[in-house]
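User: Can you walk me through this one? I'd like to start with the terms and then look at the details.

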Amino acid sequence: MFDNPALLLDSSATPSGKIHWKSPSNIAIIKYWGKYGVQYPRNPSISFTLENAFTETVLTYEPKTDQGDGISLEFTFHTEENEPFRAKIVKFLESIRPIFPFLNQLHLKIQSGNSFPHSAGIASSASSMSALALCLCTLEDELFQTLQDDNLFDQKASYVARLGSGSACRSIYAGMAAWGTTNAISNASNDFAVSFSEEMHDIYKDFHDDILIASKSEKSVSSRAGHALMEGNAYAAPRYEQAESRMKRLVEVLKNGDVETFGEIAENEALTLHALMMTSNPSYILMRPNSLKMIELIRQYRADTKNPIYFTLDAGPNLHVLYPETVIHEVLPFIEQKLVPLCEDEMWISDWVGEGPEQLGE
Ligand code: DP6
């Protein structure tokens with residue numbers, strides 16, 4: 001939908017410049033799990049955009065001296081060359097040339113780095129792909145002034161981020177974002193995410209999402225492979241229906257501030273995601289013994305204190321602990337004393353609902 005063959009530079013043009021974006025990760029409450037075509041979701045999803053887990057990407061561009069037809073890219077990750085990452089990005093840039101045909105005409109340098117340790121086992125595709133998509137849209141706008149409208153800019157950045165990694169399309173927006181057509185949100189689309197921050201109740205605006213690293217090891221099965229396994233999963237069809245009906249309930253409680261129902265849906269979604277992994281063929285388990293221990297401690301603490309503290313999980317072993325800012329003074333000592341000792345090397349990241357991506361160094 002964003003293909004545009006007109007975006008080609010005049011052969012006499014010699015543009016050069018530097019673009020710098022910081023873009024956050026996100027945590028889904030209703031999970032995207034299962035896809036078709038070019039990164040279209042089988043069901044709607046909705047997430048909190050985070051603040052402290054982010055990628056910073058600097059894109060430098062200059063005229064290409066060699067006029068060959070390929071993508072010309074130098075790439076560093078945390079200041080070091082990284083050929084596997086570079087090859088992945090070249091492939092991605094090649095695939096989006098119908099959207100940005102000028103990419104063939106420039107020499108590009110991408111420097112990227114994450115705020116969280118690469119070894120933490122935290123998925124970084126959402127933050128890195130959204131940062132790259134934002135840089136590319138800014139590049140288009142610098143060269144052609146075609147994305148002056150902020151809504152159009154965000155929509156295109158979200159569309160391009162989606163092509164890089166599905167969940168990345170939601171990171172473009174502050175607060176909350178939804179992706180995938182659903183009766184619960186009238187403007188939702190499979191092509192890009194839409195903001196949900198206007199609708200959300202104040203209680204969620206500074207909600208916490210502390211990330212407890214149960215294991216730093218790389219996942220044994222990638223998200224890409226996990227999505228593919230949904231195609232043969234016996235529970236796939238009812239799962240997609242369930243996601244739609246949960247979305248409707250969740251949207252209601254996001255609007256009315258019913259944190260208890262929010263937490264019930266969040267936990268059930270996390271366990272559904274992992275149940276789908278366990279019932280795939282071949283089956284696999286990404287939770288670790290300490291993930292389960294933390295889940296039990298959170299539920300016990302909640303039963304004992306009545307404090308609203310819940311968990312969700314990504315496609316990995318790490319716990320995301322969700323709670324409103326109002327209970328931080330009680331909840332934080334529990335996290336530090338009971339949960340952090342169960343983390344690998346006591347590693348955890350304090351995070352919360354964030355302000356969305358930011359362009360730096362303008
Ligand atoms: C469990 O977005 O990482 O985090 O589209 O193949 O890049 P690709 O997958 P990815 O899947 C994320 C799945 C999830 C749930 C979610 O974020 O909605």
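Analyst: Here is one term to begin with. A residue counts as exposed when its relative accessible area is over 50%, and as buried when that area is under 20%. Keep in mind that this is a predicted model.

User: Okay, so is Lys306 buried or exposed?

Analyst: Lys306 is exposed, because its relative accessibility is 67% and the cut-off is over 50%.

User: Where is Lys306 found?

Analyst: Lys306 sits in the loop between H7 and strand S11 (310-313). Its phi is near 65°. That is a positive value in a residue other than glycine.

User: Why point that out?

Analyst: Most residues other than glycine have a negative phi.

User: What about Asp345, and what is its phi?

Analyst: The phi of Asp345 is near 50°, again a positive value in a residue that is not glycine. Asp345 lies in the loop between helix H8 (328-339) and strand S13 (348-349).

User: Buried or exposed, that Asp345?

Analyst: Asp345 is exposed, with a relative accessible area of 60%.

User: New topic. Which residues does the cis peptide bond join?

Analyst: The cis bond joins Asn281 and Pro282, and omega is about 5°. Most peptide bonds are trans. Pro282 is in the loop between helix H6 (259-278) and helix H7 (289-305).

User: Now the ligand. Which residues come nearest?

Analyst: There are 17 residues around the ligand. Tyr32, Lys35, Ser165, Ser167 and Arg170 come nearest.

User: What are the distances for Tyr32 and Lys35?

Analyst: A polar side-chain atom of Tyr32 is 2.6 Å from a ligand oxygen atom. For Lys35, a polar side-chain atom lies 2.7 Å from an oxygen atom of the ligand.

User: How much of the ligand does the protein bury?

Analyst: The protein buries 92% of the 460 Å² that the ligand exposes when taken alone.

User: What kinds of residues make up the shell?

Analyst: The shell around the ligand has five nonpolar, seven polar and five charged residues.

User: Which helix gives the most to that shell?

Analyst: Helix H4 (residues 223-229) does, with three residues.

User: And where does the ligand lie relative to the domains?

Analyst: The ligand lies between domain 1 (17-198) and domain 2 (202-349), because both give residues to the shell around it.

How values were computed:
Residues numbered from 1 in each chain as written. Predicted model: local features only at pLDDT ≥ 70, side-chain atom pairs only at ≥ 80, totals over all residues. Heavy atoms only, no water. Near = heavy atom within 4 Å. Polar contact = N/O pair within 3.5 Å; in protein donor to acceptor, adjacent residues only side chain to side chain. Areas by Shrake-Rupley, 256 points an atom, 1.4 Å probe, with all protein chains shown as cover. Helix = DSSP H or I, 4+ residues; strand = E, 2+ residues; numbered from the N terminus. Nonpolar A, V, L, I, M, F, W, Y, C, P; charged D, E, K, R; others polar. Domains from an automatic or database assignment. Buried < 20%, exposed > 50% of the residue type's maximum accessible area, 1.4 Å probe, protein only.
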